[in-house]
Amino acid sequence: MNAREISGYRRAEAGTQPRALHPAYVSSRKRGPLQPLVRLAHTLSEVTGPRFVQTLHASSVCDLTRQAAGEPLGERIIVSGRVLDEDNRLVRGTLVEVWQANAAGRYLHKNDQHDAPLDANFSGCGRTLTDADGRYKFLSIKPGAYPWKNHHNAWRPAHIHFSIFGDGLLSRLVTQMYFPGDPLLPFDPIYNCIADEQAKQRLISAFDWEHTSPEFALGFRFDIVLRGREATPMEK
Ligand SMILES: [Fe+2]
């Protein structure tokens, strides 16, 4: 490939990505850029990236409920979806990583001192690769809401953090998946960093009968688009 054959990713539509400086999200006041951003051309370094080998993950389902001797407490969920690129092509064999709080709203991390119980049987972390159809699937526990001191009585809506590598370093997406009908969403400054209503909706998973397993777990579908007009908003 020579430089003339490289076409960069399309730029995001206005309002579909979070504002870097959103005063209601208090930590963005210190880290949001105060000067206009400088646009750089996308070169080979940006539109290509690491490849992942399927042998890393023998199972097609990443099971966060079977990482310890016992079962974690909480409501079992099956989260699955497809990863697509900005031209609606499947993204196969790409690394999808998740991390989340336990059912009580507590992370297994020293910085999380929320007064809620840890679960010895739940790390909250998992990773898998998309299959030949660009699909991924996790079995997990529905995360609880947790307080985060952004403002008086601030609670994060239940969410699962996602990182997806995609085909290039600039297609890597770090985002958060929410649950339908969560009453905390309208009050969450992180969710509200995004101006475009349709883009916000793309962060909310859909209840999924197809993957709901009788007598076992509820299904939620979360499709992810890397870069482009319909892209899933990036976490800032
Ligand atoms: Fe979180």
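Figure 1. Lys200 is buried, at 7% relative accessible area. In this predicted model, the Lys200 side chain meets that of Glu197 in a salt bridge, with N and O 3.3 Å apart. Glu197 is partly exposed, at 47% relative accessibility. Both residues belong to helix α3 (residues 197-201); because they are 3 residues apart there, about one helical turn separates them.

**Figure 2. Further salt bridges.** The whole structure contains 9 salt bridges. Arg76 pairs with Glu71, and their closest N and O atoms are 3.5 Å apart. Arg76 is partly exposed at 25% relative accessibility, and Glu71 is also partly exposed, at 38%. Asp223 and Arg221 form a salt bridge with an N to O distance of 3.8 Å. Asp223 has a relative accessible area of 32% and counts as partly exposed; Arg221 is partly exposed at 39%. A network of salt bridges links Arg10, Asp85, Asp87 and Arg89.

Figure 3. Tyr107, in the loop between β3 (95-99) and β4 (125-129), and His159, in strand β8 (residues 159-164), are 52 residues apart, and the pair links distant parts of the chain. Tyr107 is buried at 15% relative accessible area, and His159 is buried at 2%.

**Figure 4. Nonpolar cores.** The largest nonpolar core has 23 residues. Val83, Tyr136, Phe138, Ile160, Phe162, Ile164 and Ile224 have the most contacts inside this core. At least two of its residues come from each of β2 (76-85), β3, β5 (135-141), β8, β9 (173-178) and β12 (224-226). In soluble globular proteins, nonpolar side chains tend to be buried together.

**Figure 5. Nonpolar surface patch.** Phe207, Trp209 and Leu218 make a nonpolar surface patch of about 330 Å². Trp209 is located in the loop between β10 (206-207) and β11 (218-221). With a relative accessible area of 66%, Trp209 is exposed.

Key: Residues are numbered from 1 along each chain as its sequence is written. This is a predicted model: local features need pLDDT of at least 70, side-chain atom pairs count only at pLDDT 80 or more; totals for chains, interfaces and linings use all residues. Side-chain values use heavy atoms; hydrogens and water are left out. Helices (H or I, at least four residues) and strands (E, at least two) are DSSP runs, numbered from the N terminus. Buried means under 20% relative accessible area, exposed over 50%, partly exposed in between (1.4 Å probe, protein chains only). Patches are made of residues with over 30% relative accessible area and no salt bridge: like charges are joined within 9 Å, nonpolar side chains (Val, Leu, Ile, Met, Phe, Trp, Tyr) within 5 Å. Accessible areas come from the Shrake-Rupley method with a 1.4 Å probe; for residues, only the protein chains shown count as cover. A salt bridge is a side-chain nitrogen of Lys or Arg within 4 Å of a carboxyl oxygen of Asp or Glu. A nonpolar core is a set of buried Ala, Val, Leu, Ile, Met, Phe, Trp, Tyr and Cys residues joined through side-chain atoms within 4.5 Å.
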